[in-house]
Amino acid sequence: TWVSFHGGYDFGYLLKVLTCLPLPQSSARFFKMLRIYFPSFVDVKHLADRVAQDGGKVQGLGRLGLTKLGQTLELPRIGNMHTAGSDSLLTAFAYFKLKELYFTAGSNRDIMGPRNHGILHSLNDRGIK
C-alpha cells in the first residue's frame, strides 16, 4: 500500500514520469490510470478528515497540515520539515497512529475499506470534492 499526505500532486508527478505521457484530462481517467500503477493507496489527510467527520476525539484533524497533525498526534519529527525523508517518515507515523486510534478492521471504519482506501484528499473519480 502506498501512503501519502495530500498526495494528488505526488501521484500526478509519478504517473507523468512513469508513463512519459500527459496527465489525463478528466479525474475519472486519472484515477483509472492511478489504480493501474498504484492499485493500493491511502491518503493520510483524507483519513484525518474521515476521523473528524466520524466524530473522533480530536475535531478538525482534516484541516491540519502534516506538521500540525504530527504534533496533535504527539508524533516525533525526525529531520527538517519539507524534506522528503522527514515528511515521508512523519506521514508513515501518522498513518499508523490514526490506524491504531481510530480505525477498526472489518467495520465501516476499516482503514482499507472503500470509504478510506483508494481516495485522495480533495479529489475523487468525479472531480474535486
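Biologist: Keeping in mind that this is a predicted model, what covers the buried residues of H3?

Modeller: Start with how covered helix H3 is: eight of its 10 residues are buried. Among those buried residues are Val-44, Leu-47 and Val-51. The cover over them includes strand E1 (2-4), strand E2 (41-43), H4 and H5.

Biologist: Which residue caps the N-terminal end of H3?

Modeller: Look for a side-chain oxygen by the backbone nitrogen of Lys-45. There is one, 3.0 Å from that nitrogen. The residue it belongs to is Asp-43.

Biologist: Which side chains meet in a salt bridge?

Modeller: Side chains of opposite charge can pair when their charged atoms come close. A search of the whole structure turns up one salt bridge. One partner sits in the loop between helix H4 (66-72) and helix H5 (84-102), the other in helix H5, 10 residues apart. With 2.9 Å from N to O, the pair is Arg-77 and Asp-87.

Biologist: And why does Arg-77 count as partly exposed?

Modeller: Buried means under 20% relative accessible area and exposed means over 50%, with partly exposed in between. Arg-77 counts as partly exposed because its relative accessibility is 25%.

Notes
Residues numbered from 1 in each chain as written. Predicted model: local features only at pLDDT ≥ 70, side-chain atom pairs only at ≥ 80, totals over all residues. Heavy atoms only, no water. Salt bridge = Lys/Arg side-chain N within 4 Å of Asp/Glu carboxyl O. Helix = DSSP H or I, 4+ residues; strand = E, 2+ residues; numbered from the N terminus. Buried < 20%, exposed > 50% of the residue type's maximum accessible area, 1.4 Å probe, protein only. Contact = heavy atoms within 4.5 Å. Polar contact = N/O pair within 3.5 Å; in protein donor to acceptor, adjacent residues only side chain to side chain.
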